[in-house]
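Let's take a friendly walk through a protein model. Have a look at the sequence and the 3D picture, and then read on.

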Amino acid sequence: MKEQVAVPPAEFRSYYGRQILKTPAWNWMIAAYLFLGGLSAGSAMLGAGADLTGRPTLRKVSRVGALVSILGSLYFLVADLGRPERFHHMLRVAKPSSPMSMGTWILSAYGPGAGLAGVAELMPNRLRRNWIGRLVWWLARPAGLWAAATAPGVASYTAVLLSHTAVPAWHEAHPYLPFVFTGSAAASGGGLGMMLVPVGEAGPARRMAVAGAALEVAASRAMEPRLGLVAEAYTTGRAHRLRQWSEVLTVGGAVGTVVGGRRRAVLVASGLALLAGSALQRFGVFEAGVASTQNPKYVVVPQRERLTAESAANR
Amino acid sequence: MSGNSFYGPLADPAGDAGYDERHPPRVGFFTDTSVCIGCKACEVACKEWNEVPDDGFDLLGMSFDNTGELGANSWRHVAFVEQPGGRSGVGEDLKAPVDLGMPELKQAVADVVGERPDFRWLMSSDVCKHCTHAGCLDVCPTGALFRTEFSTVVVQQDICNGCGYCVSACPYGVIERREGDGRAWKCTMCYDRLHDGLEPACAKACPTDSIQFGPLDELRERAALRVEQLHERGVTEARLYGHDPNDGVGGDGAFFLLLDEPEVYGLPPDPVVPTRDAGAMWRYAGLAASALVGIAVSAFVGRR
Amino acid sequence: MGSNMAEAHPVGFQWVMEAKARGTQVVHIDPRFTRTSAVADRHVPLRAGSDIAFLGGVINYILSNELDFREYVTAYTNASFLVDESFRDTEDLDGLFSGYDDATASYDPTSWHYESTTPVGDGAGDKERAAPDQHGSGGAPIEGAQDIPADPTLQHPRCVYQVLKRHYARYTPEMVERVCGVPAASFLQIAKAWAENSGRERTAALVYSVGWTQHSVGAQYIRAGSIIQLLLGNIGRPGGGILALRGHASIQGSTDVPTLFNLLPGYLAMPTAGDATLADYLDQITSQNQKGFWHNADAYMVSLLKEYWGDAATADNDYCFDYLPRINGDHGTYRTVMDMVDGKVFGYFLLGQNPAVGSAHGRLQRLGMANLDWLVVRDLVEIESASFWKDGPEVETGEITPETCRTEVFLFPAASHVEKAGSFTQTQRMLQWREQAVEPPGDARSELWFFYHLGRILREKLAYSIDARDRPLLDLSWDYALDGDEPSGEDVLRRISGVDLTTGRAVDNYLDLKADGSTMSGCWIYSGVYADEVNQAARRTPRTEQAHDDDWGWTWPMNRRILYNRASADPQGRPWSERKKLVWWDEAQGEWTGHDVPDFERKKSPDYRPPEGAVGVEALRGDDPFIMQADGKAWLFAPNGVLDGPLPTHYEPHESPVRNPLYVQQGNPARKVYGRQDNPSNPSPPEAHGEVFPFVFTAARLTEHHTAGGMSRQLAYLSELQPGLFVEVSPELASVRGLVHMDWAHVVTSRTAVDARVFVTERLRPLHIDDHVVHQIWMPYHFGNKGLVDGDVVNDLLGVVADPNVLIQESKVATCDIQPGRRPRGPALLDYVAAYRSRAGITTKTGTNLDTTGPSTDHDEETP
C-alpha cells in the first residue's frame, strides 16, 4: 500500500501551464454591484428601524441611500450583460438551481419596496398634497418594512451567486462568504447612515456599522486557513492588496465609530472608511476568484489530492 | 423532481428534464484518443457545419496545437502533448514532474540518440462534455440553456443575454461568451443534424473513428471493451475519463479514453458540478442573513 | 518508410488503423517523429537520405540468413538468370558499376545484361529524356528474352542471386548503424519482423511516398524496396506489395495521361528526334524478341494517334505520327525554367500549379517567370506565381522591378473540383468519377472548357492557313460532345477508354486495341473504364454489399486491384496458402479465377510453355506472372531500364555533411546536375568547406495545409490551424546554435535564407553517423506571401539536382545552416547569402564533379 502524502505536492501536471477553467466573464461592474447591493440592503434595514423608532433623518437618509444604491446596482447588472437589451429575459424563468435566477426574483421583490420608500422620501412637497402623493406616503412604511424584510436576502444571496460556480476561490469559500457579505452590508449601510445624519440619530447606524465590520473581518480572517491551497488566491497578488486595504479601512472605520464620541468629523471619516472598506472587500473577493481560475494548480492539485485520498480509502 | 436531479447517478437526464417516455435514447461521444491522428478534421467540420467564426491566427508553440482551448469559437479542440519519456503510471503518482508539454533545452551531447520506445505524442480531440449534471445549465437564469430530448445541453441563441454565469459554472472551462456578439456559445452536438438522424459533423469527418457517436450506453460498453483490449496489449496507461455516472457531474455525455492523467490534456482530474453544494450554500446564506437581521435589530435595541 | 501517411493521407490512413485494430504491426521509419509515428507500434529515426543503406541491410539480412521465399524467388524472379561476364559491381569499382562514362555522367548498360541478351537504348540519350519514366506500364526492352541461361540452384557465381549477395555483403547491421544512425539492434528487430511476417502464410506491405522519390537516387529507393518485397514473396499477394502514395489528388492521373515532356498517355514514350517514322519509334520502345504485353505497343500507339487525329490519321500517313513533336534532350520542368531565365522560352501555362512556392529553387522559378512574354495562370485564387512580379521576394531584393518586368500575366479563374464533373485517378490506380455539385462562380471555368475552346479558337484563327505547320492543329479530331458550351467529361473518358471505329462501340479493354487504325484509345491503360458504354469509374457499390472492392470505381489496367496477382499462386496455379489466396487456376473451368481480376491471360494454364520462336504475349509461360516485363520475371537485378545501376547502392545525397562510409564514390554518379551560376550547390565531401552548412535539411507537409498553400492559406479554418512557418530543431541543436522555442531564426543555404519561428522538439533527434553527430532540421513548405497567413517560401532554400531516371528533384535532403534572429531583408539578403557562398568556396563547379573515384569532369554549364 502506498503511503499517503499529507502535504499538497508542490508539483503538478498541466497542459502547457494553461488554465483549465475560463476566467469569469464578469468585470469590475459585478464587484461594484455586490457592494451597492449590500449597501442598499443594509440601508433598507436601517431605514425601517429608523422609521419604527422615530429617527426621521436617519430614516430619510437610509431610504434614499437604499434607493440610489439599488438603482446603481441594477445599472451595473444590466450593463455587464453581453446583450443588455435582453436583461428582461431573466424574468422568463425561476430556477432554484440558479442563484442568479433566485437573485432576479429577490431583487424583483426587494426593489419596489425600497423604490417606493425612497421615492416617498424624495417627493417634493407640492406633490405630497395630491392623492398620489398621499398614497405613496401612506405606503412608504409598509414598503420600507417589506424592503427590510427582503434585504437580508439581497445581502446574502450574492455570496451564493459567486460560490455556485466552479471558480475555486469562490466555491471553496462558500461557508464563509455569506458572512463576509452580510457583515459588509451592515458595515456599509451603517457607515452611510452615520455619515449623513446628526450625531443624535446616528446611534443605531454606528452600532450596526461596528457589528457588521466585526462580522465581516472575522469571517474574512476565519476563512483563510480553512481553504487549503486556494487560500493563496486570497492572500497573494492583487486580491491580497485589495483585502488588506479593505481590512485596514474597515477596522479603522469601526474603531473610529466606537471612539468617535460626538465628533462629527470623525464619524464622517469613519463612515467613508467603512464604505471604502466594504467596496474593496467585494473587489478583493472578486479578484481572488479571477486569480483562482487563471492558474491550473487551483483545479488540479486539490482534485488530484481528493482522488488519491479516495482511492486509498477504497482499498 | 427526483432526488438525484442535481448530483449523483441519473439514468435519464431528458426524462428528468420533463420529456415524456417517447424521447430518444441518450446519445453522446466516445472519443478514443488512442487512435487519434491529430488531423483536426473535427475542428474544421464543426466550424463548417455550425458557421463558427475563426479563432485568430496565432502560432501558439504548443506542439501542433494552435487552437489552444475550447471556447466560443472553438467547439472541438485537438490537444497535442509531446512526452519525451518516463510517463506516469495509472493515476497514482503524486510526484510526477511538472510537465508543460515542452522539452527543456539540453547541453549538446554527442550521445547515440537512437530510437526511444518510450517517446509518446498524445493527441486528443476535446469537446463540451454535455454533462449529466451540467453546471452551465443549472445556473442559466434565462432558460437559454436547456436539456434536449437527446439529453444533450444546448444554448438557445435567441434567448441568451450574455450574463456570463454559465462561463464560471462550467467545471471544464468549455462555454464562453463570444467577443463582439455578447452571447454564450458552445458545442450543440449538432442538434440540427440529430433531428435528421445524422451524426454530428465531427464524428462524421473523423477518419479513424476516434470520435464515435451513438447511444451513450452502447458507447460505454464499447469503451470498456476497448480499454480491456489495450490493457491486454500492454497499453496499461489507457483509462476512461468521464464515463462514470458516480463522478462529480454524474458522468459525461462526451467521455474519453485517455493515455495519461486528465490534467496532462488540460482536463480537470475530478470535476464536480457546483450545484452539488447548493443546499449547503443556501443554508449558510440563511444563517448569514439571520446574523444580519440580528445585527440590525440589536442596533436599535437600547436607547442611544 | 519515406512517408508520413497519417498526415499526408489521413483519410486513407484509416485503413491502416483498421488493420492495426486487427493486429497488424505498423513500423514507421522516418527522420522525424510525426503524427504517423505517434500511432505506429514503432518509430525508427534514420538519417534523411540513408534509406538505401537501411534497405540494403535488410536485403543482406535476408540473403545471409536464407530467409527468402525460395520457391517464389526461383520461379518468379530473375534470381537464377546469369549475368554477362563483363559486368562489374560496385564491389570492384569503388562504388561504380561497369560502363560509366565520365564525359556524359551516364552508364552504358551493355555490360549489365544477361549472358544471352543485348540491351536496347543509349545511356546518355536515355538520361536526357529520363527514359525510364517511360517504363511506367511496361518493362524496359531487352533483346532475346526467351531462354535466358539460368541456374535454378542459385549457386552459379554470376547468377543474379549471387550477384545480389555479393553486392549487399557490406550492408551489415553495423554499417546500417554507421550510415543511418539506426542502432544495429533496432535494425535487426525490424529486419527480422519483416522477414518473419512474410512467406506462404503471411505478407507484409511496404508503403512509401515522396520521402522516397524526391532524392537523387529516388528510383533506386523504390527498387530496393521492390527487391526486398520480391525476395520475401510479397509482390502480387494480398496484404503485401508496395503502395506508392502519391503527392496529391489525381496526380496519378496526371502521369497516366500526362503533361510530362517525355511521356504520351499510358507511358508511351514521346518520340525523339531521329524517330522519322512510326516504325522507327516502335523499334525504340519495344524489342521484337521480348515477351509480354508491351510487345503490343504498336496497337496502343496507333490507337492513341487515331484518338488524336481521327479520320485524318491513316495507314498511308503513318497515322499522323509525324504530327507529334520530337524531343531532343532534357525538356523537364527545371530545365525549362532555366531556359526561361536564359531567354529561350516565351510563354507558360500554369494550371493549378504554383511553382513560385511549390517547386524547388523558388527564386529560379520566379526569375524564370519574370523573363517571359506571357504567362497564363489558371487557379482558384491569385497565387504567388501570378503575383510574383509585383510582390514576390525578388521585388524586395530589387531583382525584379514591377514596372520593368516584361512578363504579362493573364490570371483566369478556375472551377474547383466540385464545380465540374470528371475523374480523379488516385494512388491505387483507381479512377473515381466525380459529379458536379455546384455551378462555378462568375467566370470560373473548368480545364476542359478552357482547353476545348482555346483549341477551337486557335483552329478558327488558322482555318484558312496553308502552312503545313498548322496541319497538326487543324487535323485534330476536336469533336467532343458538348453540354451547352461545356465539353462532356464522360465523352472524353469514353474516348480515353477506347472505341472500336468499325462498330462505334466502346472497347472492352486493351486487348481489343489494334494496330491497323480500326480502334482509338486516348490512354491504353485506361482502356475498359467505359466498357459496355458504362462509366465504370462511377460505380459505388459499398463494401457492405460486395465481398471485395471490385465494384467501386475502376482501376487500371482492366480493373485489376493487385498487379501481378498471378504471383499469389504457385507455379502450378494453387494459392501459396489458403489464408492468402487471391487468384488461382480452376482446372475444371480451365481458367483463372478468384477474388480479383486475374492479371494474366484468363485461359492460359500454368503449364503452358511457348513454342519455339514465340514472341510477345505468346511467349509468356504459364508461370511468368510479370507479364509486362520483357522476360516475364520480376527483376531483382535490372539489366536495363534504370540509368544509375542495376542494383540499388547507397550513395550520399547531393548535399551531405558526411563522406560515404560505404564507397569511395560519394554520390549518385549519374545524377542530373545543373551547374549554373544561378543554381549553386552546397559543398559535400570530398569538397571542402562543408562545415559552412553543417546540418541536414528536410521538408515535408502538414495535414492542415495543402502543398504550395494556394488552396489552404486562403481558408480561415485551415489557416488558423497552422498559422505560421516554423522550423523544428532538436533540443541539442537549439543548444548548439542558441535557438529559443518560438523565437525567430533563419535557415540558410547557398540559394537564400528564410525566416521561421523556432520549434524545439524531441521529435527530431541528432544521429550518430560514423564519427559525427548529425543534426537534422525540418520545415513545412506550405507558406508564401499571399493569403490569410504568410511566411517565407521554404522551397527557395533548395537548388535543383535530380534523379536521372525520372528527373524528380532532390528536395527531401540538403544541407543548411541555421542562425538565431531574422534574416536580412531587401538587397542586404543577397549580400548575406553571397557571403555564405564565398565562405563555402562555392563556384559553378561545386557539386558537379560526379565521379569521385578518381579525377573526373566537372559537369557545369555555361549560363548565357
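Is D391(C) buried, partly exposed or exposed? With a relative accessible area of 28%, D391(C) is partly exposed, because buried means under 20% relative accessible area, exposed over 50%, and partly exposed in between (1.4 Å probe, protein chains only).

## Before we start

This is a predicted model, in which local features need pLDDT of at least 70 and side-chain atom pairs count only at pLDDT 80 or more, while totals for chains, interfaces and linings use all residues. Residues are numbered from 1 along each chain as its sequence is written, chains are lettered from A and ligands numbered from 1 in the order in which they are written, and side-chain values use heavy atoms, leaving out hydrogens and water.

## Salt bridges

D391(C) pairs with K786(C) in a salt bridge, 2.7 Å from N to O; the term means a side-chain nitrogen of Lys or Arg within 4 Å of a carboxyl oxygen of Asp or Glu. These partners are 395 residues apart: D391(C) sits in helix α18 (residues 384-391) and K786(C) in the loop between β31 (776-780) and β32 (801-802) of chain C. Helices (H or I, at least four residues) and strands (E, at least two) are DSSP runs, numbered from the N terminus. K786(C) is buried, at 14% relative accessible area.

Another pair is D20(B) and R22(B), at 2.5 Å from N to O. Here D20(B) is partly exposed at 33%, and R22(B) is exposed at 69%. Over all chains, the whole structure has 81 salt bridges.

## Where chains A and B meet

Contact means heavy atoms within 4.5 Å. In these terms, 94 residues of chain B touch 78 residues of chain A. Between the two chains there are 7 salt bridges, including one from E69(B) to R18(A), whose closest N and O atoms are 3.0 Å apart.

## A nonpolar core

A nonpolar core is a set of buried Ala, Val, Leu, Ile, Met, Phe, Trp, Tyr and Cys residues joined through side-chain atoms within 4.5 Å. The largest one has 181 residues, and F54(C), L268(C), M301(C) and F697(C) touch the most other members. Helix α4 (residues 51-64) of chain C gives the most to this core, 9 residues. A second, separate core holds 84 residues, among them A205(A), A209(A), A288(A) and A299(B).
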